[in-house]
Amino acid sequence: MVFRKLLGALGIGGPSVDTVLHDPHVRPGGTLSGEVRISGGSRGTTVEHVVLGLVTGVETGDDEVGVEFHRVVVGGGFGLAEGAEKTLPFEMPVPWETPVSSVHGQPLPGMTLGLRTELSVEQVADKGDLDPVGVEPLPAQQRVLDALSELGFQFTGADLEHGHLQGINQQLPFFQELEFVPPPQASGLVGEVEVTFVTGPDRIDVVLEADRRGGMFTPERDAFGHFSGTHDEAASTDWAAHIAQWLDHLAEHRGVAGGPGLKYTPDHDDHGDGGKSGMGGMLAGAAVGAGAGILGGMALNEMLDDDEQPIGDVDVDVDEPDVPEEPEEEEPEEEGDDEE
């Protein structure tokens, strides 16, 4: 694939550049390879540097800004005669935390991610157009997405939020949220579920965020599930059963106030009923393999932990937990007053 950049900032008669990718599709942690082909203009010049950058759109408040989150220098410091040709082969490692921008070759709605070539000539730098790069999910990430689909969740969009997730070793200054709406069976429990992946060479973190519906005496608030393990563990995990079990826990604690402090850490040796009852069971019943190998040998860290909400720079109050008013518990309140 050839990407043409006409470098107007370098002036009429300046050089132009083509960036040729061997394959525009890649996975996080993979490598983009190709070559940069530079064509001399109507006059000789000196190319100071040629830089490739991965660029994406990140939401900051009400605006979306272009952010270059990874760049490599592929050459520079050479003369380019009038009409001359110069080819620079390259291999560009892709960061493990690079957000997913396509699934099965189809671009994700809401995502902008591409490669940009910057050419600097005579102390004037010109950046070419942004050319799409399709970042496909890792096997473990695809397993999570497939599980949500099996449970009846529908993908609605994706975006990138500026900030860092608490308690997670995150390298990039933003994180991706993949947004899903629940099937009718769970619409009264959660309004939307967002999935965030943070990956590294040896591990993967999966963060689930649900805007949980409130109970009679509790307001609506976000609830979080956090899964962590190696790539092999994550790829062999029954994610449909995991998510169903998480939804069961949300349903059980729907009327419990004081969200911060509500923890859920499943027992590695107790598989329970395999997610066959409750809200999660209603969804998991239709999932292939739901209820088999609930934990899949994966090391889980506080599957639901509202004490350390991994939410990044968003406006959520985590310092003032909800306190139950218990207006209908009149007799217990009177007994408490008598004791005082």
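The reply below starts with one threonine and then widens to the strands around it.

Colleague: Where does threonine 196 lie, is it buried or exposed, and which residues does threonine 196 touch?

Modeller: A caution before the details: this is a predicted model. Threonine 196 lies in strand E17, which covers residues 190-199. Its relative accessibility is 4%. Buried means under 20%, so threonine 196 counts as buried.

Now the side chain. It reaches the backbone oxygen of glutamine 176, and the distance is 2.8 Å. Glutamine 176 is also on the list of residues that threonine 196 touches. Leaving aside residues up to four places away in sequence, that list reads Leu165, Phe175, Gln176, Glu177, Asp205, Val206 and Val207.

Next, strand E16. E16 spans residues 174-181. It is mostly covered, with 7 of its 8 residues buried. E16 and E17 pair in the antiparallel sense, over 3 bridges.

H3 runs over residues 239-252, 14 residues in total. From first C-alpha to last it reaches 20 Å, close to the 20 Å expected at 1.5 Å a residue. Of its 14 residues, 12 are buried, so H3 is largely enclosed by the rest of the structure. The buried set includes Trp239, His242, Trp246, Asp248 and His249. Alanines are in it too, among them Ala240, Ala241 and Ala244.

Finally, the whole protein. It has 5 helices and 21 strands. Buried residues make up 51% of its 340 residues. Take the contacts between residues at least 6 apart in sequence: 65% of them join residues at least 24 apart. The accessible surface comes to about 15,800 Å², and 46% of that belongs to carbon and sulfur atoms.

Key: Residues numbered from 1 in each chain as written. Predicted model: local features only at pLDDT ≥ 70, side-chain atom pairs only at ≥ 80, totals over all residues. Heavy atoms only, no water. Helix = DSSP H or I, 4+ residues; strand = E, 2+ residues; numbered from the N terminus. Buried < 20%, exposed > 50% of the residue type's maximum accessible area, 1.4 Å probe, protein only. Contact = heavy atoms within 4.5 Å. Areas by Shrake-Rupley, 256 points an atom, 1.4 Å probe, with all protein chains shown as cover. Polar contact = N/O pair within 3.5 Å; in protein donor to acceptor, adjacent residues only side chain to side chain. Pairing = 2+ DSSP bridges. Expected span 1.5 Å × (residues − 1).
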